[in-house]
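User: I am new to this structure and would like to learn how its features are read, one at a time. Could you take me through them slowly?

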Amino acid sequence: MQATTLKYFHQVARLGSIWRASEQLNVAASAISRQIALLEHEVGQPLIERLPRGVRLTDAGEIVARHLRETEADYRRMRSWLDEIKDGQRGVVKVAMIEGMIAHSMPELVHAFHSSHPHVRTEIAIVGSGMATDMLRADECDLAVVFQSRNLTQLTVDAERVETFCAVMAPGHPLAARRSLWLAEVAPHPVVLNDPSYATRSLVDQAAGEAGIALHTVALINSIEGAKAMARVGTGVVFLPSFAVERELTSGELVAVPLSDKAFADTRLMLLSRRNRRLPIAADRLRAQLVHAMQAPGAAGAPGRKRKEKST
């Protein structure tokens, strides 16, 4: 098999479209089609099924695509090790994480890691928890930071931390002075929900179902930062783990009131890696820093108006 042919097929499999692969590779779609046809002739069976919008892999195509993903991951691992041998401080670390971590500790952690590993590049993908775990299984990232992931097949939990799940609102909201709330008490008030791809949304839907209530939803949004902005101006209450609003609590822009429903009783922030995978050295070092940060005393705590009000 020619390397160019495999490269073309890999892009088509990844993007689900010959046309999109053509744009990505800057190669004519007809040339990509010919190369895939040659590859199908070589393996003796079809690898893709052409659809009105894009392509779908056949069973044989899935096997070839999986092999190429694993080969790419092995190559990245080899290059990282070779770079480490060369000067001890080179490589690329890929991390998939939930959006809430950007408002929490991740910027400081990446800065600290870069200070001690100046020639290691950190690539961060902001995705939902489900997408992050899928990326880990496909070796498209080295580490994942997720919230309340339920499907841990093929994955290892390197560290986890219980996080308080809260109703988040503007300081002037009628419920802002409460020390705790049941979801049913929030139900009469306008709320802003994340879309169903978010783990936070699944928890809220579960709790609402268990309580037999319907929430007064005024907006749906696929952004944690956008939801917080709506809460700040009083559009509605949003539902988030306390770490996702730590900075707004410190500044006094938002108030977070813990929710008492059973569905929110044991929500966790998790650091994951793929089971039985030997990480590149640089990725393993970042993992160690993340584990230390998540297990540090005082890393988790009850929410409040300002950080200094948190219990220790």
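Analyst: What follows goes from the overall build to single residues, with the general idea before each case.

User: What kind of model is this, and how are its residues numbered?

Analyst: This is a predicted model, in which local features need pLDDT of at least 70 and side-chain atom pairs count only at pLDDT 80 or more, while totals for chains, interfaces and linings use all residues. Residues are numbered from 1 along each chain as its sequence is written, and side-chain values use heavy atoms, with hydrogens and water left out.

User: How many helices and strands are there in the protein?

Analyst: Helices (H or I, at least four residues) and strands (E, at least two) are DSSP runs, numbered from the N terminus. The protein has 11 helices and 12 strands, and its C-alpha atoms fill a box of roughly 70 × 50 × 30 Å along the principal axes. Of the 312 residues, 48% are buried, where buried means under 20% relative accessible area, exposed over 50% and partly exposed in between, with a 1.4 Å probe and protein chains only. Taking contacts (heavy atoms within 4.5 Å) between residues at least 6 apart in sequence, 75% join residues at least 24 apart.

User: How do I read a helix that has buried residues, and which residues of helix H5 are buried?

Analyst: An α-helix has 3.6 residues a turn, so residues three or four places apart point the same way. In helix H5, residues 106-116, the buried residues are Met106, Leu109, Val110 and Phe113. These cover an arc of only 95° around the axis, so they lie on the same side of H5; the arc is that of the directions from the helix axis to the C-beta atoms. On the other side of H5, His111 and Ser115 are exposed. The cover over the buried residues of H5 includes strand S3 (90-97), strand S4 (119-126), strand S5 and helix H11 (281-295).

User: How is an aromatic pair described, and how many does a search of the whole structure find?

Analyst: A pair of aromatic rings is described by the distance of the centres and the angle of the planes. Rings of Phe, Tyr and Trp (its six-membered ring) pair if their centres lie within 6.5 Å, and planes under 30 degrees apart count as stacked, over 60 as edge-to-face and the rest as tilted. The search of the whole structure finds 3 aromatic pairs. One of them is the stacked pair of Phe147 and Phe165, at 6.1 Å centre to centre with 15° between the planes. This pair links distant parts of the chain, as Phe147 is in strand S5 (residues 143-147) and Phe165 in strand S7 (residues 165-169), 18 residues apart. Phe147 is buried at a relative accessible area of 3%, and Phe165 is buried at 1%. Phe147, Phe165, Phe243 and Phe264 form one aromatic cluster.

User: Which residues line the largest cavity?

Analyst: The largest cavity holds about 50 Å³ of space, and its lining consists of Val192, Leu193, Asn194, Thr200, Arg201, Val204, Val238 and Phe239.

User: Where is Asp261 placed, and is it buried or exposed?

Analyst: Asp261 is in the loop between strand S11 (255-258) and strand S12 (268-274), and Asp261 is buried, with a relative accessible area of 8%. Leaving aside residues up to four places away in sequence, Asp261 touches Leu181, Trp182, Leu183 and Ala207.

Methods
1 Å grid on protein atoms, 1.4 Å probe; cavity = no way out; pocket = protein on both sides within 12 Å on 5 of 7 lines; lining within 4 Å. Points joined across faces, edges and corners; volume = space filled by probe spheres on them.
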